[in-house]
Protein chains: 2
Amino acid sequence: MGNKKGNITIYDVAREAGVSMATVSRVVNGNPNVKPATRKKVLDVIQQLGYRPNAVARGLASKKTTTVGVVIPDISNPFYAELTRGIEDIATMYHYNIILCNSDLKQMKEIQLIETLLEKQVDGLLFLGGAITEDHRAIFSATPVPVVLAATKDDKNELPYVTINQIEAAKAATSILIEEGNKQIAYIGVPLTDSVTGYPRYQGYMKSLDENRYAFDENLVEIGNGRYLSGYEAMKNLLIKNKNITSVFVATDEMAVGAIHAALDQGLSVPKDISIMGCNNIPLAAQVRPLLSTISVPLYDIGAVAMRLLTKYMNEEDIETSQVILQFDLELRDSTRIREL
Amino acid sequence: MGNKKGNITIYDVAREAGVSMATVSRVVNGNPNVKPATRKKVLDVIQQLGYRPNAVARGLASKKTTTVGVVIPDISNPFYAELTRGIEDIATMYHYNIILCNSDLKQMKEIQLIETLLEKQVDGLLFLGGAITEDHRAIFSATPVPVVLAATKDDKNELPYVTINQIEAAKAATSILIEEGNKQIAYIGVPLTDSVTGYPRYQGYMKSLDENRYAFDENLVEIGNGRYLSGYEAMKNLLIKNKNITSVFVATDEMAVGAIHAALDQGLSVPKDISIMGCNNIPLAAQVRPLLSTISVPLYDIGAVAMRLLTKYMNEEDIETSQVILQFDLELRDSTRIREL
DNA sequence: CTGTTAGCGCCTTCAT
DNA sequence: ATGAAGGCGCTAACAG
């Protein structure tokens, strides 16, 4: 069976079934214009020969690969892992596969990855992570396939995206601390140059202070890199500079947990002595003691909705909204004194 | 520039540069047999035209796609996320991309994913997770491309794999608890039907007991699903059935952390009252208090080495060892009384 | 060093 | 309902 060397092709099936390649192609692709009898015959031969369609050839001929490129900062970061799961589930649902690439937030790498993905003729691109710069916009605008941003936004609103309102999320978190009656509210964030969460969350913090007539004090602000250890260090510094703080809003859960532990190591009790709010609600937040109060960001959904939006673009369906803002939630647990609204 | 409709192709570049397609192909592929002058000319035209090679066409012609398929149980599980990072890094290093698929450990899904991946003509397959059954072996043996297992092994040694010795890892963990002088050593594992970690780690636990003349007591054994909550429940049950246990070996870190918290909630002190050993050393282990003592499994390396091995197969290099057992380490932190050897 | 010529395996009009 | 034929964009001998 099959031809001499190599794989068995649509041609082999056609010959064996006594029909043309076109007919085989039709049954493989579910085209209804095939007489049931011949369809059955072809299907039998396919079965018997163990024919496996070559998606690369199909891609070349049809100009569709049913695969999308996903550029992500770091899959080992639980934040992105959860997002990716949402993406992959919906991709599978719509019969797409994803090529996953880690960018480490390096712009050069991001650009290079996009280029590679386009060479591979992906049908669409999902971009998560870093800030969108002019360079990105230039590339994306020249891209032959649709692009959707997830968990980040385009400040110029030129690109479709799905995310949450970071400013409001940070405001909500800060407000909880204000409601608790803390006299001072410290902030541990990520670099303000990070326009995705760094700057917006800082803005939200500031806004909340402002609206509630709290004075801003730069000694109450520390910047980390988002990960556990930097949260630990940041908290240590905060405690050195200011013995009396009773609350901190930390821009990422990992840092927040680090902050809790730094406070604990200093002999402080959380939340009795110091109240700590995180942000994102990654699994870790519910796996530590005290349980972390945090802003619940719908990571899985952001990924899922972004992928769904991308399928609409790829499918040239009508798009009502190309910029989606998902809701976040307050998840008040045991690291704040207020535990419910 | 370019042809009327659609993309600019190698043909356009050839025409514009006044050379043949073959020559353009040569410079694009870094073939040295091109006069520097013409190479430059071609490169210029490529630049000027913004030519982007079509990897799908190349794949069809060359029968190589430089992409590999990765079948993984669940990317949102930190254990696999870390492994995947190792895979992707090495893949990138060797100029491969990865198509990532979540199987949720469902055999039907696994098989279907493999089929899809093969249709897409991946150059190789990396399979992680579930136990290898006869069905798997049948599929893999009929696969036209190399397959490497990661973090799992083929009991029949027919397939290449890279993992650690799960039995020895569990033995080492249990031994620590024995060295501490605990009279009883409890075990919280995953189902024994899981032949990847469930059964082997249970075996290791048993072996260690046996070699040290500890009596086996089924009341000291609980089975969970590997995740935090089930560890918490398991520990609660253990404590109900047996008030006096002073040590537990828990087969996964997430469950171990759950176990710690269950003990804490029961008013016990860890490790003073009860000593807890985890296994895997995922980031979580170093982000809780007390810091979790655990077996450090080189997750990233398993992924990296597996991918490297796969490149060797795809490249038809000589393979010295197709079955690689990586070393694990003892990571003694604060949840055990013994904190160093 | 460079050009010519076949395909790679499939889809897709266009006829029939 | 089915077949014939021309690409899709590129690589890979084979000549020269």
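Predicted model: local features only at pLDDT ≥ 70, side-chain atom pairs only at ≥ 80, totals over all residues.
Conventions. I number residues from 1 along each chain as its sequence is written, and chains are lettered from A in the order in which they are written.

Extent. I looked up contacts (heavy atoms within 4.5 Å) and found 45 residues of chain A touching 45 residues of chain B. The buried area (accessible area, 1.4 Å probe, lost on putting the two parts together, summed over both) is about 4200 Å², and carbon and sulfur atoms give 52% of it. On the side of chain A, A:Arg52, A:Gln287 and A:Arg289 lose the most area to chain B, together 17% of what that side buries.

Salt bridges. With a side-chain nitrogen of Lys or Arg within 4 Å of a carboxyl oxygen of Asp or Glu as the rule, I get eight across the interface. One of the pairs is A:Arg52 with B:Glu115, whose closest N and O atoms are 3.0 Å apart.

Strands. I took strands as DSSP runs of E, at least two residues, numbered from the N terminus, and paired two strands if DSSP finds at least two bridges between them. E2(A) and strand E2 (residues 97-102) of chain B run antiparallel and are joined by three bridges. I noted B:Ile98 in E2(B) as the bridge partner of A:Leu100.

Definitions and conventions:
Heavy atoms only, no water. Helix = DSSP H or I, 4+ residues; strand = E, 2+ residues; numbered from the N terminus.
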